Amino acid sequence: MKKLISFIAVAFCAFSLSAQVMGYKGVINTLWTGFGRPRAEINQDKQSIRWYGLHETAQARVDIGKFTMDGMLNWAAATNYNGTNDLQGLMLSNVGRTPLYYIADDFTDENYLNFVIHFTDFLDFGMGTRLEWKAGPAPVSLGYWWEPYAHAPQAGLLEGVPGERDVVGYVTYANNYARTAIGAKLHYKKIFEVGFVVGDGEFTAKDKFKANLGITFNPIENLSLGFTYLSMFNGQGEIYTGTNIGINKNFNIAVYATFKNVGDSADNGVSGTGATLNIGVPKAGLTLRPEIGFTFYENDNYSLAWYTGCRFDLAIDQLKLGVYGSYGAGSFDKRWYDDKQPMYNTTKNYTGGHVFNIRPDITISINKQNSLSAAFDYQFRQSFYGREQNVWVTGVYWTYLY
């Protein structure tokens, strides 16, 4: 049981408030192979079953004195298919594809490198391509997208406005104030942390200062407050606030909200809010994590989007059984149903679309260094214009810790 729980903890440690991507020193390597039926392109009549090759993600962190360095390489012998879905060979290269890429239609970093100097016990200086300095909770996939515990975040909703993508309503929560960035943070024990960074491409405008601010405050035990302001003073900033409230060591509540395009931008603001419960029953080896979220658009023509989901885990000795399920309803444009607009005969049957996910998985802890996992992801999508897709991916993970 203890060995298995240690593997589970690794999947969550990177989401701590002040950690970099790797929350501990050492090496973690994940090798995955699998097959499935990915989402079809708009011009494809049908989806086909594919093998995806071998995907490997290697992470390492080194702490020497006042210096910390961590990095990642995402490498693959990925299969290459032509327009008729015939296998054309393998692509051997750095690649942003992960197991979830094939159902979630998104990429991760091919690689990253971070460097942090701990000047004193109270002051850190950092620069990197994925620092992941966070200031509070937000919706997550319970692991990085190449890890066996990951699932499509926010029920698989996609970022955008109605009509732009098939089921929209995803919103990025601005709790991460340092991704590709350079900056510093001041902290005192675990009571507070204040970080100020300049991100990639920022600090360039002549008339509008642009940088990111992050603050965390832990006034009492089991209470954490977070605030960020991204791209300050440039007219398209993002504001975030969130809190973690621990009722006891086995039950806590996370509540969070974000506001995008704050400032001069008119009629294109997007905001989101949500909450997560984390419930544990250690004696039974049970954990439960229900969540819910809402996305609001400043444009009155766009409807509310929402999702709900839940993760369940059961640990039995060296075995962990888990399942994640979710449902998301996309946003629609109210003008689609206006009989005075030119495209009414086409759009009157449009909806916001919806998406359903189910993801069972199993992990066996072999020893302190090695674990094997298998997972199956199924997703049903109905686009705003009525097209339906059944998407799935399955595969085996080997995770090595050192």
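View 1. The structure holds 21 aromatic pairs, counting rings of Phe, Tyr and Trp (its six-membered ring) whose centres lie within 6.5 Å, with planes under 30 degrees apart called stacked, over 60 edge-to-face and the rest tilted. This is a predicted model, so local features need pLDDT of at least 70 and side-chain atom pairs count only at pLDDT 80 or more, while totals for chains, interfaces and linings use all residues. Residues are numbered from 1 along each chain as its sequence is written, and side-chain values use heavy atoms, with hydrogens and water left out. A pair of aromatic rings is described by the distance of the centres and the angle of the planes. For F332 and Y337, the centres sit 5.8 Å apart and the planes make 55°, so this pair is tilted. F332 has 28% relative accessibility and therefore counts as partly exposed (buried means under 20% relative accessible area, exposed over 50%, partly exposed in between, using a 1.4 Å probe and protein chains only). Y337 is partly exposed too, at 34%. Now look at F384 and Y385: with ring centres 5.0 Å apart and planes at 85°, the pair is edge-to-face. Here F384 is buried at 10%, whereas Y385 is partly exposed at 35%.

**View 2. An aromatic cluster, and an arginine over a ring.** One aromatic cluster is made up of W32, Y52, Y101, Y102 and Y397. In a separate close-up, R50 lies over the face of Y81, 4.9 Å from the ring centre. To count as a charge over a ring, NZ of Lys or CZ of Arg has to be within 6 Å of the ring centre and within 35 degrees of the ring normal.

View 3. Searching the whole structure turns up 18 salt bridges, each one a side-chain nitrogen of Lys or Arg within 4 Å of a carboxyl oxygen of Asp or Glu. D313 pairs with K320, with 2.9 Å between the closest N and O atoms, and both D313 and K320 are buried. D333 and R335 meet at 3.0 Å, N to O; D333 is buried at 7% relative accessibility, while R335 is partly exposed at 38%. K340 and D339 come together at 3.9 Å, N to O, and both K340 and D339 are exposed. Shared partners also link R311, D313, K320, R359, D361 and D377 into one salt-bridge network.

View 4. Strand 12 (residues 192-199) runs antiparallel to strand 13 (residues 212-220), with 6 bridges joining them. Strands here are DSSP runs of E, at least two residues, numbered from the N terminus, and two strands pair if DSSP finds at least two bridges between them. Strand 13 is also antiparallel to strand 14 (residues 223-230), again through 6 bridges. You can follow L213 across: this strand 13 residue is the bridge partner of F196, and its own partner in strand 14 is Y229. The hairpin of strand 13 and strand 14 has 2 residues between the strands, and N222 takes a positive phi near 70° there.

**View 5. How confident is the model, and where does pLDDT stay under 50?** The protein chain has a mean pLDDT of 89, with 90% of its residues at 70 or more; pLDDT is the predictor's confidence in each residue, from 0 to 100. Over residues 1-18 pLDDT stays under 50, and the model has 53 contacts beyond four places in sequence for that stretch (contact means heavy atoms within 4.5 Å).

Terms used: Helix = DSSP H or I, 4+ residues; strand = E, 2+ residues; numbered from the N terminus.
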